[in-house]
Amino acid sequence: MIPRRFARFDALVATALVWFLGKFLRYAFPPLFETIGATYGVSRTVLGSAFTALMLVYALMQFPSGLLADRIGSVRVITAGALLTAGAAVVLAVDAPLWVLVGAMALVGAGTGTYKTVGVSLLARAYPRGTGRALGVFDTFGTFGGAAAPAAVVLASAAPGVLGAPWRTLFLAAGAVGVGLAAAFAWVTPRRLPDEPAAAAADDDDGGSVPLSAYVALFRDPRFTLFVVVTVCFSFTYNGAVAFLPLYLAEETAVSSATANLLFSALFLVSLVQLVTGEASDRVGVEPILALTLAVATAGMVAVLAFSATGGPLVLGGAVVLLGLGAHGYRPVRGAYMMEVTPESVAGGSLGVVRTLLMVAGAASPAVVGYLSETAGFTPAFQLLAAALVAATALTLVLWVTDR
């Protein structure tokens with residue numbers, strides 16, 4: 001019997017588990033790059049471009065999913081996305097040509113593209129007095145999905161295949177779990193959202209639609225626009241780093257491929273910090289926490305570069321942990337800030353606009369890093385990522401000190 005004070009978090013757990021599986025599927029691909037490259041005989045540029053395709057589709061889904069959530073309801077949108085993701089995972093479970101693999105990766109991007117934007121606005125409405133805390137839990141579940149992916153890839157690769165190569169069994173299992181999570185989410189979440197937009201829209205003569213201009217009006221505020229630039233810089237760095245960090249560590253440092261994958265897992269395992277930063281944003285405000293987390297992430301990224309030639313597993317692991325602490329700590333605070341400054345009636349769509357911009361930048365990053373790593377080297381590619389993070393930190397300090 002679940003105590004009543006915990007039972008009210010059923011919507012949070014269901015939403016977070018859907019996000020866990022979405023992040024798990026997305027970050028199962030980077031540890032498989034070496035295997036996929038050998039299987040299909042393709043370069044890092046091709047692999048980076050395929051991951052960029054996934055992230056670009058994910059990015060382009062942000063505004064449409066937020067807009068649909070404002071009009072037909074968050075639960076319907078996330079449930080449909082979860083079922084699409086599960087279907088794509090089943091396609092990946094079968095040996096097929098490269099174009100099928102890339103297409104299924106794009107479908108993973110489309111399905112999971114409904115989760116974050118809609119999930120943030122859903123949880124803000126379900127838990128209005130603890131939004132930062134709820135988003136901290138939400139993001140922590142997601143990043144644990146990323147942490148679990150490399151280990152799951154190793155286990156799946158060592159097991160017998162079911163419908164194709166051994167590593168494809170991972171996606172078969174994910175597809176089955178995805179269907180179950182979609183059903184559970186659709187069952188438990190609506191009771192926490194008595195004001196779902198779909199109900200209001202049904203009674204409204206004009207369909208409850210919101211003019212598109214309402215979604216971009218926030219950009220007239222220079223501080224809001226500055227914040228968007230910060231998130232774009234952060235997303236560019238983070239997505240480029242997570243796409244190629246295992247390969248960078250294996251090729252540019254003295255650690256082995258196995259150790260590189262373990263350090264990559266550490267990047268996600270420290271995501272519990274999101275519980276702390278989410279709570280802190282509820283108590284002391286978002287700007288100082290935004291500045292602190294970005295500064296820590298920047299220190300970690302710079303340390304990875306500085307110690308690549310001389311650092312051992314402990315030193316490089318410490319640098320990766322710093323990067324993870326700052327990057328993961330930043331994300332729930334970013335979401336809480338967005339929910340503070342956007343009207344509830346357009347929260348989903350407004351967040352969708354912002355997330356479209358930052359995710360397009362993030363989607364382009366793996367292709368840029370893959371290309372630079374082959375033409376100029378991995379070090380210049382990661383120096384570009386570090387520069388973007390330094391810029392994000394500096395602009396956040398400006399945002400903080402000019403707070404009205």
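Predicted model: local features only at pLDDT ≥ 70, side-chain atom pairs only at ≥ 80, totals over all residues.
**Entry 1: helices H6 and H7**

I looked up how helix H6 (residues 74–92) lies against helix H7 (residues 98–112). I found that their axes come within 8 Å and cross at roughly 160°. Because angles over 145 degrees count as roughly antiparallel, I recorded H6 as roughly antiparallel to H7. I noted the crossing of the two helices as left-handed.

I then listed the residues that make the contact. From H6 I have Gly81, Leu84, Thr85, Ala88, Val91 and Leu92. H7 contributes Val100, Leu101, Ala104, Leu107, Val108, Ala110, Gly111 and Thr112.

**Entry 2: cavities**

The largest cavity holds about 120 Å³ of space.

Which residues lie nearest the centre of the largest cavity? I identified Arg26, Asn239, Arg331, Arg334 and Met359, out of 14 lining residues.

I also traced the lining to its helices. Helix H2 (10–26), helix H13 (222–252), helix H17 (313–341) and helix H18 (347–375) each supply at least two of the lining residues. H13 provides the largest share, with 4 residues.

By class, I recorded the lining of the largest cavity as 7 nonpolar, 2 polar and 5 charged residues.

How values were computed: Residues numbered from 1 in each chain as written. Heavy atoms only, no water. Axes fitted to C-alpha atoms, helices over the stretch in contact; angles between N-to-C directions. Parallel < 35°, antiparallel > 145°, perpendicular 65-115°, else oblique. Left-handed = near helix turned anticlockwise from the far one by under 90°. Contact = heavy atoms within 4.5 Å. 1 Å grid on protein atoms, 1.4 Å probe; cavity = no way out; pocket = protein on both sides within 12 Å on 5 of 7 lines; lining within 4 Å. Points joined across faces, edges and corners; volume = space filled by probe spheres on them. Nonpolar A, V, L, I, M, F, W, Y, C, P; charged D, E, K, R; others polar.
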